[in-house]
Each structure stands twice: as structure tokens, then as C-alpha cells.
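Here is a short walk through one structure. Look it over, then follow the text from one residue to the next.

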Amino acid sequence: FHGVVAIDGPSGSGKSTVARRLAVALRAGYLDTGAMYRAATWAVLSAGIELSDPDAVADCVRSAVLTITTDPTAVSVRVGDVAVDAAIRGPEVTGAVSAVAGVPAVRAHLIAEQRRLIDAARDTGGIVVEGRDIGAVVAPDAELKVFLTADPVERARRRSAETAADLNATAADLRRRDTADSRVTKPLEAAEDATVVDTTYESIDQVVERLLGLLAQ
Ligand code: CDP
């Protein structure tokens, strides 16, 4: 496989697990663009920058050295020398990430970096890229574009099982981020040519099989 698979969708749609498993099945690379927005947010918070100052936020993100691996079996994210894999999943980062991701200069910077990583992977086994805007903006020429959805109640149930956080609080956080993400960046829009897959009643394995089938067509 030498191409690009774009997997977009909201939180709890199953996109991370599906994308990673698909990458392993294809022996391709894997890029979690949400982890990049989260790492950028970690850099902003740890520098003590006000989220209400978009110029300062953008300057901080541009000067931070973000490193992310593209091995689906060994995902790791660093800011400078600091491994931030655990910290970027915490409530502070989750609460601030939509604001940071809504700054246009932040998006421009991270999208350029994402395209660089995707180009590097094209000739070495391809790459599965997950996010919100991959099929529409980052990699519009992807060989396969998928938009995963699921019922909001099921999305909240999955996410709270993953994080061990309270179900109602998780559901409220998902609603807040769905709204913030679609208002500022419209990233929740599926690319026009994406295949929409509802994962509410499908297991991860079924979804992965279905995507492998789409690629084989
Ligand atoms: O928790 P969840 O799986 O939804 O999030 P994620 O994929 O880790 O992405 C975290 C946040 O990063 C999203 O809520 C968006 O604000 C932002 N994001 C984005 O704007 N564009 C992307 N391509 C990926 C993530």
C-alpha cells in the first residue's frame, strides 16, 4: 500500500482504534492529528499563555518542537524533550484544545507539518491519517476517505469507558467540543467524497473489515 487513508469523525466515533488497526493491517504508517493539536495545547498551557491571545498562542505553537511517531504500534508524542502522551489526554488539555485548534495560524502550522509527514510516508508503505479535516483539507487527494459517526450517547459511553471519567461529564464535554469544533473550524464536516460509516452498532473489527473491503474495490 502506498496511498493515504483519511479517517475523520468526532470524539468517540471509534476513529483512533479503527485507524490504528487499519494501519497495522495495511503495514502502513499512522498519524493522529488530534494528538498534534493536543501536544500544541500542552505547550501553550505549560508556557502559561492566555488562550484569549491568539497571536501569543500561535507564536508558542510555532516555536514548540513537536515530534510525533508514525508507527501504529509505538505511538509517541514529544514537545521538546518531554514525552506528553499521558498529559495530552488529561482534562486540562481536553478542555483547552478546541480553542487552540481554532486559531487559524495554529492550523496552518500543524497542517503543513501533517502534509510533510504524509508525503514522507507515501513511498514507504502509505499512511492512515485520523482527524477532523483530513479528507476535506489536509489530504484531499487521499485514496480512501472515511467519515465515522456514532450516536452521541454511544460516543459518550465509549469515551467514558476509555478514560474512566463520569458518563454525564463526558457527554457534556463531547457536546461542548462538537459545538466548538464545528463553529470555529468546521472540521466536523465530512469531505464530499467521504464514505460515511455509522459505528453505533458495529464492532471495531467489523469497521476495519469494511474499510479493507472499500480499499480492495
Ligand atoms: O478526544 P478526541 O478523539 O475527539 O479528540 P482528538 O482527535 O484527540 O482531537 C482533539 C481536538 O483537536 C478536537 O476536539 C479538535 O478541536 C482538534 N482537532 C482539529 O481541530 N483538527 C484535527 N484534524 C484533529 C483534531
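Where does arginine 159 lie? Arginine 159 is part of helix H7, residues 152–163. Helices (H or I, at least four residues) and strands (E, at least two) are DSSP runs, numbered from the N terminus. This is a predicted model, in which local features need pLDDT of at least 70 and side-chain atom pairs count only at pLDDT 80 or more, while totals for chains, interfaces and linings use all residues. Residues are numbered from 1 along each chain as its sequence is written, and side-chain values use heavy atoms, with hydrogens and water left out.

Is arginine 159 buried or exposed? Its relative accessible area is 18%, so arginine 159 is buried. Buried means under 20% relative accessible area, exposed over 50%, and partly exposed in between (1.4 Å probe, protein chains only). The side chain of arginine 159 makes a polar contact of 2.9 Å with the side chain of glutamate 162. A polar contact is a pair of N or O atoms within 3.5 Å; within protein, one must be able to donate a hydrogen and the other to accept it, and residues adjacent in sequence count only if both atoms are side-chain atoms. Beyond its neighbours within four places in sequence, arginine 159 is in contact (heavy atoms within 4.5 Å) with Ser11, Gly12, Arg38, Thr170 and Arg177.

Now turn to the ligand. There are 17 residues around the ligand (a heavy atom within 4 Å), and Ser11, Arg38, Arg132, Arg159 and Asp181 come nearest. An oxygen atom of the ligand is 2.7 Å from an N or O atom in the side chain of arginine 38. For the side chain of arginine 107, the distance from such a ligand oxygen to an N or O atom is 2.8 Å. For the side chain of arginine 132, it is 2.7 Å. Helices H2 (33–46), H4 (91–101) and H8 (167–184) are the elements that give two or more residues to the shell around the ligand. H2 gives the most, with four residues.

The last stop is threonine 200. Threonine 200 lies in the loop between strand E8 (195–198) and helix H9 (204–216). Threonine 200 counts as buried because its relative accessibility is 14%. The side chain of threonine 200 makes a polar contact of 2.6 Å with the side chain of aspartate 198. A polar atom of the threonine 200 side chain also lies 2.9 Å from the backbone nitrogen of aspartate 151.
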